[in-house]
Amino acid sequence: MARGEDSSAQQAGIKQEKIEHARHKAYLFAGAAGLAGLMFGLDTGVISGALKFIAQDLGADDRTQEWIVSSLMMGAAGGSLLAIPVARHSGRRGAMLYAGLLFLIGTALCSVAHSVGMMIAGRVILGVAVGFASFSAPLYIAEITEKRQRGKMISLYQLVITGGMLLAMFSDSLLAYGGHWRWMLGILAVPTLIFILATMNVPYSPRWLVSRGRRKEASHVLQLLRGSQAAAQEELARIEKNLQREDGNGFTLLKTSPGFRKTFLLGIGLQAFQQLAGINILLYYAPHVLEHLHFSSEAAVWCTTLLGFANMLATGVAILLIDRWGRRPLLLLSTSIATVSLCLFGLVLFLKIGGVAGSIATIALLVTFILGFAIGEGPVPWTMCTEIQPLKGRGLAIACSTFANWSTNWLISNIFLSLMAALGDYGIFWMLAVFNAIFFLIALFFVPETKGCSLEEIEERLNEGARLRDLGQPASGSSGRHLTQDAGGAGRA
Ligand code: BGC
């Protein structure tokens, strides 16, 4: 009897060990896909330090520089929509591999560019790669990780983006002394190759395999990821059930479901306002803005690196807090800090505060703005956009909100220098402060608290017709009864 207990305890131990081993494998695969975030960060971050030297060498005026910066966003906006059929046909893994290949071609073109046209062509190709990567990598991570790890993993992906940006800024700072812009851009071929090799070693997403009728392979991959046949079979059955519900497409749902129309618009709003908050104006153009304020060019590049560091640090804090405090408190705090710091920075510029006091105030306020952005405005839109969409419309809604993110990014980085000339330096930062204040109001009135809610619960509330604000945990003061009453009206609509 005792021996029987011993052996069953031993078996349970072996089983547990297998599950742990499989869990680590899943982390490893998610980490490999997460390298797409690194590429996203590296390729978008590298331009801030290189732009000035590129402009000198290739003879680019302010308007042309805007095109050089923003052509990547244009490519990314197109790439995020193009990624839907590619990811459907070749799998998320396939889309990531295409992204790797495009990263390589774009990097080569940019680093040997001898004309503005060639540079812009290279940046558009890099953009398409970023669009592919930013659509497919989070989707892949979401599809291979366990449900309870999903939120953390998506935020970790944001951390990797900021890490990539920081690394690019750091390498820019080192190479700035000789003005070696070709090296700044060309060195990215190394992480690109690592990304391609890593992606070649990840399995296909089991969900995609099922959708292509490759059930046996899906079952094999699930077993690899979960370490137990029973868990793999259970998940396989759930995927098949969900896929049956996915008959039709997101467009049909847009026509028939008022609830989906709301979450669809909220996703687009969150991503557009993430960009209107002005983060990339600072990250891409910080050296330009700082030199305009009489910082030396080396000091400007190093200060930009400091901003990148603050961005990464605060994103790490956000990961620790997002499941404890929740999404709403982080977003409300974040938008408040961003609004106040930009108002004050505009004031420093308006009053033309110069000298040491002006420099200290500038750096302190810009770092505060970045810290504010990174604890909420950065990670929350990416996380929430995957949480609030119903399964049937998820692909379409995420592609459209990702498109909104990149197209707004394109718009704002394309017109920034011209806008600064038109509105004055203080005018543009006050305008950004207003956008952040609107973002605060959106968070206050429309953003649900999804902390601790399963995706199925959120979808159920959506189907019952709950208000956007009540899709997660009901707002304090709104009772379950209230929720059901709301549900009655909207649900029938
Ligand atoms: C945004 C990027 C931004 C980055 C900065 C991301 O969430 O989508 O546009 O450059 O955060 O950390």
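Ala, Val, Leu, Ile, Met, Phe, Trp, Tyr, Cys and Pro count here as nonpolar, Asp, Glu, Lys and Arg as charged, and the others, Gly among them, as polar. With that in hand, the lining of the largest cavity divides into nine nonpolar, eight polar and no charged residues. Welcome to a predicted model, in which local features need pLDDT of at least 70, side-chain atom pairs count only at pLDDT 80 or more, and totals for chains, interfaces and linings use all residues. Residues are numbered from 1 along each chain as its sequence is written, and side-chain values use heavy atoms, with hydrogens and water left out.

**The ligand and its shell**

- Gln274 has a polar side-chain atom 2.9 Å from an oxygen atom of the ligand, inside the limit for a polar contact (a pair of N or O atoms within 3.5 Å).
- For Gln275, a polar side-chain atom also lies 2.9 Å from a ligand oxygen atom.
- Trp382 places a polar side-chain atom 2.9 Å from an oxygen atom of the ligand.
- Taken alone, the ligand exposes 310 Å² (Shrake-Rupley method, 1.4 Å probe), and the protein buries 100% of that.

**The largest cavity**

- A cavity is a set of points, on a 1 Å grid over the protein atoms alone, where a 1.4 Å probe fits but cannot get out; lining residues have an atom within 4 Å of a point.
- The structure has five cavities of 30 Å³ or more, a volume being the space filled by probe spheres set on the points.
- The largest cavity holds about 170 Å³ of space, and of its 17 lining residues, Phe40, Gln158, Ile161, Met165 and Asn280 are the closest to its centre.
- This cavity is the space taken by the ligand (more than half of the molecule's atoms lie within 2 Å of the grid points).

**The second largest cavity**

- The volume of the second largest cavity is about 100 Å³.
- Its lining includes Ser134, Phe135, Gln271 and Trp382.
- α4 (116–144) gives this lining its largest share, four residues.

Conventions. A polar contact is a pair of N or O atoms within 3.5 Å; within protein, one must be able to donate a hydrogen and the other to accept it, and residues adjacent in sequence count only if both atoms are side-chain atoms. On a 1 Å grid over the protein atoms alone, a cavity is a set of points where a 1.4 Å probe fits but cannot get out, and a pocket is an open set with protein on both sides within 12 Å along at least five of seven lines; lining residues have an atom within 4 Å of a point. Helices (H or I, at least four residues) and strands (E, at least two) are DSSP runs, numbered from the N terminus.
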